[in-house]
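Hello,

Here is the structure I promised to pass on. Please open it first, then read my notes below.

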Amino acid sequence: MRKLRPAVELVTQMTQAAIDSAAASAHPCVVALAIPTLNEEASIGDVLRAVPPRVVTRIIVADGGSTDATAARARDAGAEVIEAGRGYGRACLAAATEAEDADIVVFMDGDGADDPAFVAALIQPIRAGAFDFVIGSRARGAREPGSISWHQLAAGYAAGLAMRSLYGVTYTDMCAFRAIRRDALLGLGMIEMTYGWNIEMQMRAAGAGLRILEIPVPCRRRRGGASKVAGSVRGTLGAAPRIVATFIRVATSTRQTGAALTREHRP
């Protein structure tokens, strides 16, 4: 844990600065937080109550057919809940479509692995007009023991290398915790309705020449429920072919560009 402290302190300072800057912004900006869920009743309430109210305008929980009390607990915590149908990407797109008044859409999982306090750090570079798409990197951030497996980290690096060869960008993760201008997102032509959504967005954003920033974010152990993908062998085996198929499809349908990913430099 000693090695992680500098990263934690740096990111905490960055987040507080982003919150203060966002709150003081002279240009109002509507931020919608989109959270796809499927049986997250054990964690969703705490996740929603931890969202910084001065930063987020709307919270939209897009439920993928939960059979537990996820929807009820999300409403009790003040979120708007929509029924999105099955599919991770379908839920993300449904939430983004629902947020008609939003300038920025932030995507975050509902299992508690993402820290809602870092929403401010994700949106501030976009609010400042410097970037269009900001993605969190768990590989570069502080990781709680047991929060992420080695094969998740390896998959993120491998996908990043593959995307670099195509687009000249350097991603280190396929983290779901990300923010993007809503108009830019809708202009990407997203069609992946399952777990290939994240990599499709990253590829299409690079191919479209969006201004992209990757910042370190902490990764915590999930606060409840069962992992649908990387936390189980069944989930990993089910999602991996879809992610690979999405990569191949998008790679063959988008032309290579010289878009550059600007990474945050630590002092």
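Start at Ile180. Leaving aside residues up to four places away in sequence, Ile180 touches Asp103, Ile104, Val105, Phe107, Ile126, Asp132, Phe133, Leu185, Leu188, Met201 and Leu210. Bear in mind that this is a predicted model.

Ile180 belongs to the largest nonpolar core, which has 39 residues. Ile180 is also among the residues with the most contacts inside that core.

Next, the helix pair. Helix α6 covers residues 150-167 and packs with α8 at an angle of about 25°. The two axes are 10 Å apart. An angle under 35 degrees counts as roughly parallel, so α6 and α8 are roughly parallel to each other. The crossing of α6 past α8 is right-handed. On the α6 side, the contact is made by Ala159, Met163, Leu166 and Tyr167. On the α8 side, Ile199, Gln202, Met203, Ala206 and Gly207 take part. By type, the residues of this contact are seven nonpolar, two polar and no charged.

Then look at α5, residues 119-127. Is this helix mostly covered or mostly open? Mostly covered: eight of its nine residues are buried. The buried ones are Val119, Ala120, Ala121, Leu122, Ile123, Gln124, Pro125 and Ile126. Just after α5, Gly129 has a positive phi of about 85°.

Last, a loop residue. Where does Asp68 sit? Asp68 is in the loop between β2 (58-63) and α3 (70-76). Its relative accessibility is 27%. Buried means under 20% and exposed means over 50%, so Asp68 counts as partly exposed. Asp68 touches Asn39, Glu40 and Glu41, again not counting residues up to four places away in sequence. Take Glu40: in sequence, Asp68 and Glu40 are 28 residues apart. In space, the C-alpha to C-alpha distance between them is 7.8 Å.

Best wishes

Definitions and conventions. Residues numbered from 1 in each chain as written. Predicted model: local features only at pLDDT ≥ 70, side-chain atom pairs only at ≥ 80, totals over all residues. Heavy atoms only, no water. Core = buried A, V, L, I, M, F, W, Y, C linked by side-chain atoms within 4.5 Å. Buried < 20%, exposed > 50% of the residue type's maximum accessible area, 1.4 Å probe, protein only. Contact = heavy atoms within 4.5 Å. Axes fitted to C-alpha atoms, helices over the stretch in contact; angles between N-to-C directions. Helix = DSSP H or I, 4+ residues; strand = E, 2+ residues; numbered from the N terminus. Parallel < 35°, antiparallel > 145°, perpendicular 65-115°, else oblique. Left-handed = near helix turned anticlockwise from the far one by under 90°. Nonpolar A, V, L, I, M, F, W, Y, C, P; charged D, E, K, R; others polar.
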